[in-house]
Every structure is written in structure tokens, then in C-alpha cells.
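The structure is shown first.

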Amino acid sequence: MKKYSTADIVKYYDKTSFDYHWVWNTRNTQAIHFGFYDEKHQKHDVAVHRLTEVMADMAQVQAGDRVLDAGCGVGGSSIWLAENRSAIVTGIALPPRQIIDCQKNAHHKKVQNVDFQVADFTKTPFESEQFDVVWTCESLCHAEQKIDFYREAFRLLKRGGRLIIAEYCRTTRPLPNEGEALLKNWLHGWAILDIDTIEEHRLNMESVGFQDIAFKDIKKNMHTSLRNVHRMSAQWLPLARILNKIGLVSDTRIGNAAGSVSLYEALQQGYWSYYLMVAIK
């Protein structure tokens, strides 16, 4: 089974930065993740920030809370939490390019109580019990062994601290052969080895000491965003493959788009769903 090193993950985000910036509009939203659609939030730019708001409510983020944004992307969630909840936020990510973007975005928004640095969320440089909240949005999927993240999150949280996660979860293990093939095409196109079931997440949380574990399936709210990335990727792929043959589009960008098509097809077949998870130390 193919594995993905830190260098592989960094390469994926570096090579696909154009697509996120211009197609997924991170230049304006500062949000790489999908959007939470409801009756009041029906456009991409507001839906991506609505997901952050829903997560913040679920984790009960309050003024003065120290938050670790583990896998912070280009800084959107960190900046939102600092602006809207007066939290003190540290964002970490593997790609140095993303950290530079985070710093530029925070400077542009004139947000003071955030900082960003390159770090691996399974082995951070921080001392134990430094944070009130550990936050990860569509990032835990990149951990080869999810329990490594859970151990580190538990170490970093103060007693009574909250863990909040937004993540893709497979419905069972193993899936039918066609389901495993669809997941593989999606995940490997995004430099992800595998995703866990909800029960696997629960067992990992419990094994390191987390309590009051709760899950919420929000696939219904995420469906529009997931469908949109499928539509854009399916339209782009034919031309992208032609341009790939003459060296104008990288294999990584082809994998990203093809993976985005398989993501939605696998969702429609019921092979995975989108969950929020919260737990207490």
C-alpha cells in the first residue's frame, strides 16, 4: 500500500495551490475546506465560514481560549476564531508555503492574536497542557495512523479541554471492492492513505483518554459544496488531461481533479460521510 511522507503532502498542496486559489477561491475566503450550507448560507464564500462557526459553537470556543488549529491551511479558521471569538490561536501546517499565506492573510485582516508555524500535528514542539481547544478541519485524514494525532492532542490539551474535528469517515471496513477502488482514487489523488470509520475514531479517542465523545453527521449540509467540487473537476479534467500530455498541467493536479470526481461518486454510493466530532479531556 502506498504511503505518503511529509514531502508528498507538501508537494500535493504546493502543486494544487493554483486550483485552491483561483477555482476554490481561497484568495478571498482563506478557506481550503468545504462549506456548510443551510437556509441562511447558500453561497460558497459564506458557507465555508459557516462551517467554522458551527465547529466553534460545538467546541464552545470562548474569548481568551487558546486554540491550536492543527492543519490550518491558509489560515481562514484561525483568523475567524481570532476575529469572531477573540480566541488566541496558533495555526500549524506542514507546507511552508501555506504558513506564508497564513501570515499574509492575517496581516491583511489586521488580526493580532494569531500566529502560524510549520509543524506536524502528530509531534508538535509545544509543551503539554497548553491549549483549551485542539481544532482540526479536514486535516486529520492526512495522518497515516490517526491515533498519533489523538495522543498528541490529548497531551496538548488542558484538563477539561475540547477536541473538535471535521472529517471524512468511511462507512465500514472493508467496503465492497468498487467502494474501496473509488475511495483509493479519491484519497490517493489527495495524498491521503486512508480514512477511518466513526467506530475507529471512537476507539482511538477512548484509548488515549478522551471522554464525552459525540459525533454528528452533517453530510446533508455539506452536500452542495461536495457536489460543486465534483462539477468543476469533471468539467476541467478533459482539458487538463490534454494539457498534461504537453507538460502544462502536472500529474498532481490531474490526481487532485480526478480524486474530486471520485469523492462525490463515493459519497453518492454511501461509502463515506462527513462528520463533526467533539471530545473532552
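## Helix α11

Helices (H or I, at least four residues) and strands (E, at least two) are DSSP runs, numbered from the N terminus. The expected span of a helix is 1.5 Å times one less than its number of residues. Helix α11, residues 251-268, has 18 residues and reaches 26 Å from its first C-alpha to its last, close to the 26 Å expected at 1.5 Å a residue.

Buried means under 20% relative accessible area, exposed over 50%, and partly exposed in between, with a 1.4 Å probe and protein chains only. Since 15 of its 18 residues are buried, α11 is largely enclosed by the rest of the structure.

## Model and conventions

This is a predicted model, in which local features need pLDDT of at least 70 and side-chain atom pairs count only at pLDDT 80 or more, while totals for chains, interfaces and linings use all residues. Residues are numbered from 1 along each chain as its sequence is written, and side-chain values use heavy atoms, with hydrogens and water left out.

## Overall dimensions

The chain has 11 helices and 7 strands. Its C-alpha atoms fill a box of roughly 55 × 45 × 40 Å along the principal axes. Of its 281 residues, 57% count as buried.

The radius of gyration is taken over C-alpha atoms, and the globule rule is 2.2 Å times the number of residues to the power 0.38. A compact globule of 281 residues would have a radius of gyration near 19 Å; the chain has 18 Å, which agrees.

## Cysteines

A disulfide is a pair of cysteine sulfur atoms within 2.5 Å. A search of the whole structure finds 0 disulfides. Cys 137 is in none, and the nearest cysteine sulfur, that of Cys 141, is 9.6 Å away. For Cys 141, the closest cysteine sulfur is in Cys 137, too far for a bond.

Cys 137 counts as buried at 9% relative accessibility. Cys 141 is also buried, with a relative accessible area of 2%.

## Enclosed space

On a 1 Å grid over the protein atoms alone, a cavity is a set of points where a 1.4 Å probe fits but cannot get out; lining residues have an atom within 4 Å of a point. Grid points are joined across faces, edges and corners, and a volume is the space filled by probe spheres set on the points. The structure holds 1 cavity of 30 Å³ or more. About 40 Å³ of space lies in the largest cavity.

Tyr 4, Ile 9, His 142, Glu 144, Ala 191, Ile 192 and Leu 193 line the largest cavity. This lining divides into 5 nonpolar, 1 polar and 1 charged residues. Here Ala, Val, Leu, Ile, Met, Phe, Trp, Tyr, Cys and Pro count as nonpolar, Asp, Glu, Lys and Arg as charged, and the others, Gly among them, as polar.

Terms used
On a 1 Å grid over the protein atoms alone, a cavity is a set of points where a 1.4 Å probe fits but cannot get out, and a pocket is an open set with protein on both sides within 12 Å along at least five of seven lines; lining residues have an atom within 4 Å of a point.
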